[in-house]
Amino acid sequence: MQLPVFIDSTHYSAAQSLITSYGEEAGLEAAHRADKSRSVGNHLHYCKWRQVERLCILLSIDQTIGTVH
């Protein structure tokens with residue numbers, strides 16, 4: 001499984017905030033925000049919220065993924 005690369009640490013903060021506010025629905029909320037950004041033509045926020053969506057999903061998994069050092 002190829003794990004995504006996360007560059008911007010503010011995406012972690014946004015993911016944490018959504019998880020705190022929306023619980024298991026955090027990924028769906030991030031997807032909704034991405035779609036809303038795309039519909040108004042804001043491609044930068046669209047990409048940000050897609051990354052946050054991926055992070056919400058990864059952070060919700062209870063198992064370790066990838067190599068553990």
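The chain has three helices and zero strands, and its elements run α-α-α from the N terminus. Helices (H or I, at least four residues) and strands (E, at least two) are DSSP runs, numbered from the N terminus. Because this is a predicted model, local features need pLDDT of at least 70 and side-chain atom pairs count only at pLDDT 80 or more, while totals for chains, interfaces and linings use all residues. Residues are numbered from 1 along each chain as its sequence is written, and side-chain values use heavy atoms, with hydrogens and water left out.

**The chain as a whole**

- Along its principal axes, the C-alpha trace spans about 40 × 25 × 20 Å.
- Of the 69 residues of the chain, 28% count as buried; buried means under 20% relative accessible area, exposed over 50%, and partly exposed in between (1.4 Å probe, protein chains only).
- Take the contacts (heavy atoms within 4.5 Å) between residues at least 6 apart in sequence: 57% of them join residues at least 24 apart.

**Helix 2 with helix 3**

- Helix 2 covers residues 26-39 and helix 3 covers residues 43-60; the two pack at an angle of about 170 degrees, with their axes 8 Å apart.
- That angle makes helix 2 roughly antiparallel to helix 3; angles under 35 degrees count as roughly parallel, over 145 as roughly antiparallel, 65 to 115 as roughly perpendicular and the rest as oblique.
- On the helix 2 side, the contact is made by Ala 26, Gly 27, Ala 30, Ala 31, Arg 33, Ala 34, Asp 35, Ser 37 and Arg 38; helix 3 contributes His 45, Tyr 46, Trp 49, Arg 50, Val 52, Glu 53 and Cys 56.
- By class, this contact of helix 2 with helix 3 has eight nonpolar, three polar and five charged residues; Ala, Val, Leu, Ile, Met, Phe, Trp, Tyr, Cys and Pro count as nonpolar, Asp, Glu, Lys and Arg as charged, and the others, Gly among them, as polar.
- Axes here are lines fitted to C-alpha atoms, for helices over the stretch in contact, and angles run from 0 to 180 degrees between N-to-C directions.

**Helix 1 with its two partners**

- Helix 1 (residues 10-22) and helix 2 have axes that come within 8 Å and cross at roughly 120 degrees, which makes helix 1 oblique to helix 2.
- Leu 18, Ile 19 and Tyr 22 of helix 1 meet Ala 26, Glu 29, Ala 30 and Arg 33 of helix 2, a set with five nonpolar, no polar and two charged residues.
- With helix 3, helix 1 packs at an angle of about 60 degrees, the axes being 9 Å apart; helix 1 is therefore oblique to helix 3 too.
- From helix 1, His 11, Tyr 12, Ala 14, Ala 15, Leu 18 and Ile 19 touch Lys 48, Trp 49, Gln 51, Val 52, Leu 55, Cys 56 and Leu 59 of helix 3.
- The residues of that contact of helix 1 with helix 3 divide into ten nonpolar, two polar and one charged.

**Inside helix 2**

- The buried residues of helix 2 are Ala 26, Gly 27, Glu 29, Ala 30, Ala 31, Ala 34 and Ser 37, and what covers them includes helix 1 and helix 3.
- Glu 29 counts as buried because its relative accessibility is 17%; leaving aside residues up to four places away in sequence, Glu 29 touches Leu 18 and Tyr 22.
- Ser 37 is buried as well, at 9% relative accessibility, and touches Asn 42, His 45, Tyr 46 and Trp 49, again not counting residues up to four places away in sequence.
- Asp 35 lies in helix 2 and counts as partly exposed at 33% relative accessibility.
- Asp 35 and Trp 49 are 14 residues apart in sequence, and 8.6 Å apart in space from C-alpha to C-alpha.
- Just after helix 2, Gly 41 takes a positive phi of about 85 degrees.

**Helix 3 and helix lengths**

- Trp 49, Arg 50, Gln 51, Val 52, Glu 53, Leu 55 and Cys 56 are the buried residues of helix 3, and they pack against helix 1 and helix 2.
- At 1.5 Å a residue, the 18 residues of helix 3 should span 26 Å, which agrees with the 26 Å between its end C-alpha atoms; the expected span is 1.5 Å times one less than the number of residues.
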